[in-house]
Amino acid sequence: MEKFTAEQARALMPDRFKEMVERIHADIREAALAGKTEVVTTFRKEFNGNSSARKVKDFLEKDEGYSVFLSVSELKPDLSFYISWREL
């Protein structure tokens with residue numbers, strides 16, 4: 001019987017980090033052009049494979065300077081990023 005480890009399974013999971021950041025940047029660009037200072041971007045829960053949502057949140061806050069609230073609902077099949085770039 002061939003052995004298939006959890007590490008091998010995790011390696012096969014898609015890393016959606018880049019895709020998520022690109023979509024969030026597009027939403028931020030659109031909101032900023034409309035004069036807004038906040039945006040909400042929602043993804044299906046399957047986008048959270050390999051903890052992508054936490055990595056995206058950390059990247060947006062630490063590397064890009066946004067204020068980010070991440071909402072992952074047990075009742076809904078999605079996760080949402082609430083992103084603000086206004087001065088406090």
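Which strands does helix H3 lie across, and at about what angle does H3 run to E2? Helix H3 (residues 52-63) lies across E2 and E3, and its direction is at about 165 degrees to that of E2. The model is a predicted one, so local features need a pLDDT of at least 70 and side-chain atom pairs count only at pLDDT 80 or more, while totals for chains, interfaces and linings use all residues. Residues are numbered from 1 along each chain as its sequence is written, and side-chain values use heavy atoms, with hydrogens and water left out.

**Confidence**

- The mean pLDDT of the chain is 88, and 97% of the residues score at least 70; pLDDT is the predictor's confidence in each residue, from 0 to 100.
- Among the elements of the chain, H2 has the highest mean pLDDT (95), and helix H1 (residues 6-12) has the lowest (81). Helices (H or I, at least four residues) and strands (E, at least two) are DSSP runs, numbered from the N terminus.

**The sheet and its helices**

- An open sheet is built from 3 strands in the order E1-E3-E2, with antiparallel pairing; two strands pair if DSSP finds at least two bridges between them.
- Strand E1 (38-44) and strand E2 (67-72) are at the edges with a single partner strand each, so one side of each has no neighbour in the sheet.
- On average, neighbouring strands of this sheet are turned by 15 degrees against each other, direction ignored. Axes here are lines fitted to C-alpha atoms, for helices over the stretch in contact, and angles run from 0 to 180 degrees between N-to-C directions.
- E2 pairs with strand E3 (residues 78-84) in the antiparallel sense over 6 bridges. Looking at one residue, Val-72 has Leu-79 in E3 as its bridge partner.
- Helix H2 (residues 17-33) packs on the sheet and touches E1 and E3, its direction making about 150 degrees with that of E1. Contact means heavy atoms within 4.5 Å.

**Ser-80**

- Ser-80 sits in strand E3 and counts as buried because its relative accessibility is 9%. The cut-offs are under 20% relative accessible area for buried, over 50% for exposed and in between for partly exposed (1.4 Å probe, protein chains only).
- The side chains of Ser-80 and Thr-42 are joined by a polar contact of 2.9 Å. That term stands for a pair of N or O atoms within 3.5 Å; within protein, one must be able to donate a hydrogen and the other to accept it, and residues adjacent in sequence count only if both atoms are side-chain atoms.
- Setting aside neighbours within four places in sequence, Ser-80 is in contact with Val-40, Thr-41, Thr-42, Phe-69, Leu-70 and Ser-71.

**Salt bridges**

- There are 3 salt bridges in the structure, each a side-chain nitrogen of Lys or Arg within 4 Å of a carboxyl oxygen of Asp or Glu.
- Arg-86 and Glu-38 form a salt bridge with their closest N and O atoms 2.4 Å apart. This pair links distant parts of the chain, with Arg-86 in the segment after E3 and Glu-38 in strand E1, 48 residues apart.
- Arg-86 counts as partly exposed at 45% relative accessibility, and Glu-38 counts as partly exposed at 41%.
- Glu-61 and Lys-57 have their closest N and O atoms 2.9 Å apart in a salt bridge. Both lie in helix H3, 4 residues apart, about one turn of the helix.
- Lys-57 is buried, at 14% relative accessible area, whereas Glu-61 is partly exposed, at 27%.
- Glu-19 meets Arg-16 in a salt bridge (3.9 Å, N to O) between their side chains, and Glu-19 counts as partly exposed at 43% relative accessibility.
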